[in-house]
Amino acid sequence: MRILTVGAGAVGGFFGARLAQAGQDVSFLVRPARAKALTARGLRVEGQGESLRLTPHLVTADAPGGPYDLVLLSVKATTLHTALTEIEAAVGPDTAVLPLLNGVAHLDALVARFGAGAVLGGVAKVVTTLNEDGDILRMAPPAVILTGELDARPSARVEAIRTVLAAAGIDSPATEDIVAAMWHKWVFISTLVSLTCLMRGTVGEVNAVQGGAALGPSLLAEAAAVSAAAGHPVPEAELAFTTATVTTPGSPLTPSLYRDLAAGAPTEADHVLTDLTVRARALGVATPLLDLAALHLRVHEHRIAAGLV
């Protein structure tokens with residue numbers, strides 16, 4: 001299978017490296033700064049008992065190659081529209097585009113550009129980050145990609161992709177409704193983002209102070225109510241997992257959006273939180289805490305735009 005991984009950061013780099021190591025024909029579309037780092041050091045993955053080194057095949061936006069069988073789209077939402085233009089030549093009539101972004105707003109943009117038949121739904125579950133050398137650090141065990149057709153029908157191409165992922169050590173269980181799974185991941189990440197960004201601290205730091213342990217479950221209740229109103233109620237097991245995640249004493253956990261905020265960098269706030277609150281208004285669901293978190297992050301983005309950060 002010819003695979004183009006768009007982005008070789010903490011998520012795309014990890015999954016692309018796994019696929020390349022398993023013998024798939026993988027190319028990485030990267031920007032100049034990342035290309036320079038990868039050319040100098042190679043693509044490296046460390047942590048959780050893994051130590052992977054490879055020399056990646058790099059392509060650029062002006063010559064992405066293709067068409068490919070699979071385009072694994074792993075970019076920040078802030079660069080999505082640029083990425084869609086960059087991969088246009090890589091997408092042929094039989095290419096499957098598998099996005100690994102949080103939220104669901106990107107689906108409309110992908111369908112508008114490439115047609116509904118080309119686009120799959122996708123959910124990534126992995127805990128990775130880049131260190132100061134640009135190497136990928138794996139901080140927790142999950143290595144999961146869920147995928148499926150947007151209309152939930154069974155398809156041979158989804159089964160073929162799942163088989164390739166599994167052969168690379170990437171869990172890809174069958175998913176009855178991928179759009180629902182995307183909503184459920186959105187509930188999890190929006191809860192975690194709101195908790196840490198509003199309080200400017202790790203999960204453990206929030207839970208260490210009086211009243212802190214109540215905030216995570218309150219945020220979760222709002223996000224889950226939006227998902228349910230949209231027709232995607234969150235299963236009890238996932239609600240319990242998220243509750244445990246955001247109330248764990250001493251947990252060092254922070255999402256990448258919080259780390260961008262702390263570094264004074266642009267964030268995916270509009271894609272993750274603002275879009276969720278806009279949908280909540282349309283569905284008649286009150287989300288005062290999520291609204292506050294979204295407003296907090298919009299002020300951060302405004303300060304960046306004004307050159308104050």
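**Salt bridges and a sheet**

Guide: At 36% relative accessibility, Arg 31 counts as partly exposed, where buried means under 20% relative accessible area, exposed over 50% and partly exposed in between, with a 1.4 Å probe and protein chains only. This is a predicted model, in which local features need pLDDT of at least 70, side-chain atom pairs count only at pLDDT 80 or more, and totals for chains, interfaces and linings use all residues. Residues are numbered from 1 along each chain as its sequence is written, and side-chain values use heavy atoms, leaving out hydrogens and water.

Visitor: Which residue forms a salt bridge with Arg 31?
Guide: That is Glu 86, with the closest N and O atoms 3.3 Å apart; a salt bridge here is a side-chain nitrogen of Lys or Arg within 4 Å of a carboxyl oxygen of Asp or Glu. Glu 86 lies in helix H3 and Arg 31 in the loop between strand S2 and helix H2, so the pair ties together parts 55 residues apart in sequence. Helices (H or I, at least four residues) and strands (E, at least two) are DSSP runs, numbered from the N terminus.

Visitor: And is Glu 86 buried or exposed?
Guide: Glu 86 is buried, at a relative accessible area of 15%.

Visitor: Switching topic, what order do the strands of the open sheet have?
Guide: The four strands run S4-S3-S9-S8 with mixed pairing, and two strands pair if DSSP finds at least two bridges between them. Strands S4 and S8 stand at the edges, each with a single partner strand, so one side of each has no neighbour in the sheet.
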